[in-house]
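Thanks for coming, everyone. Let me put the structure up, and then we'll walk through a few spots in it.

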Amino acid sequence: MNEHLDRLSNQIEPLRQQLTTHPLYTSVNTLDDLRIFMESHVWAVWDFMSLLKELQRNLTCVDVPWRPVGNPETRYLINEIVAGEESDVDPEGRRMSHFELYRQAMQEAGASTDQIDELIDRLIQGSPVQDALIKSTLPEGSRRFVSYTFDLIGKGQLHDVAAVFTFGREDLIPDMFIALVRQLRDQSPEQLRLFTYYLERHIEVDGDHHSHLAKAMTAELCGQDSQKWESATLAVEAALQARIALWDSVYAQIQQQTALA
């Protein structure tokens, strides 16, 4: 890893530790708890895809007629990640995106997909994303988290988007979910088969191969520009703080449900 990536990793480590030790994980003890988790977390799964497509749209040519765009090495890196995220496989080997796999896992677990489906429908009908978010009934913690993502995308600083994609999502996911995978593996196998598969697949693909590709992409976009590295670091810190706030929100929902039980 180059020195700039090392420095960024060291600076965000305290926030990463807050996330990996968040009390949310030990609060997910029942299927009802997990449903609350999934209904909030699906929004992060969805907006992650928008970070990915923002990178692809700006780092490769997605227009006709085609023309060479950007650095060929960076094009390879982002296209490799897009292929894995948009066209992975389910347990039966059928192609689908990670978002679609997550949505199916929610249905299998008995979690509601009404809120995310409502937003997707609004977008299909042509509603701008911020208007769709305002009109949708997603949990407030998820709304704030997603709003941060689209504010970041709107600023158009690709090195910041790449850094958040890498250190605020891709590189973070394995650490956050591995404990949960171990807890869930032998619980309610018929209802959690797809969710467990999703988590294991995310750890296997995103936490290893995609993580290395994303770090290389971030290093390529920031180069030796100290201002870009500083900006990228601040963006990642804000993304991690937004994730902590999301986890706080989910944790509060689970605690409230437990108190009413």
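Start with methionine 38. It touches Tyr102, Ala105, Met106, Ala109, Ala111 and Phe195, leaving out residues up to four places away in sequence. Contact here means heavy atoms within 4.5 Å.

A word on the source. This is a predicted model: local features need pLDDT of at least 70, side-chain atom pairs count only at pLDDT 80 or more, and totals for chains, interfaces and linings use all residues. Residues are numbered from 1 along each chain as its sequence is written, and side-chain values use heavy atoms, without hydrogens and water.

Back to Met38. With Phe37 and Phe195, Met38 has the most contacts inside the largest nonpolar core, which has 80 residues. Such a core is a set of buried Ala, Val, Leu, Ile, Met, Phe, Trp, Tyr and Cys residues joined through side-chain atoms within 4.5 Å. Buried means under 20% relative accessible area, with a 1.4 Å probe and protein chains only.

Next, serine 97. Is it buried or exposed? Serine 97 counts as buried, because its relative accessibility is 8%. Its contacts, again leaving out residues up to four places away in sequence, are Met49, Glu85, Glu86 and Ser87.

Now take Glu85 from that list. What does its side chain join? A polar contact of 2.9 Å links the side chains of glutamate 85 and histidine 98. A polar contact is a pair of N or O atoms within 3.5 Å; within protein, one must be able to donate a hydrogen and the other to accept it, and residues adjacent in sequence count only if both atoms are side-chain atoms.

Last, cysteines. Cysteine 222 is buried, at 2% relative accessible area. Cysteine 61 counts as buried too, at 15%.

Definitions and conventions:
Buried means under 20% relative accessible area, exposed over 50%, partly exposed in between (1.4 Å probe, protein chains only).
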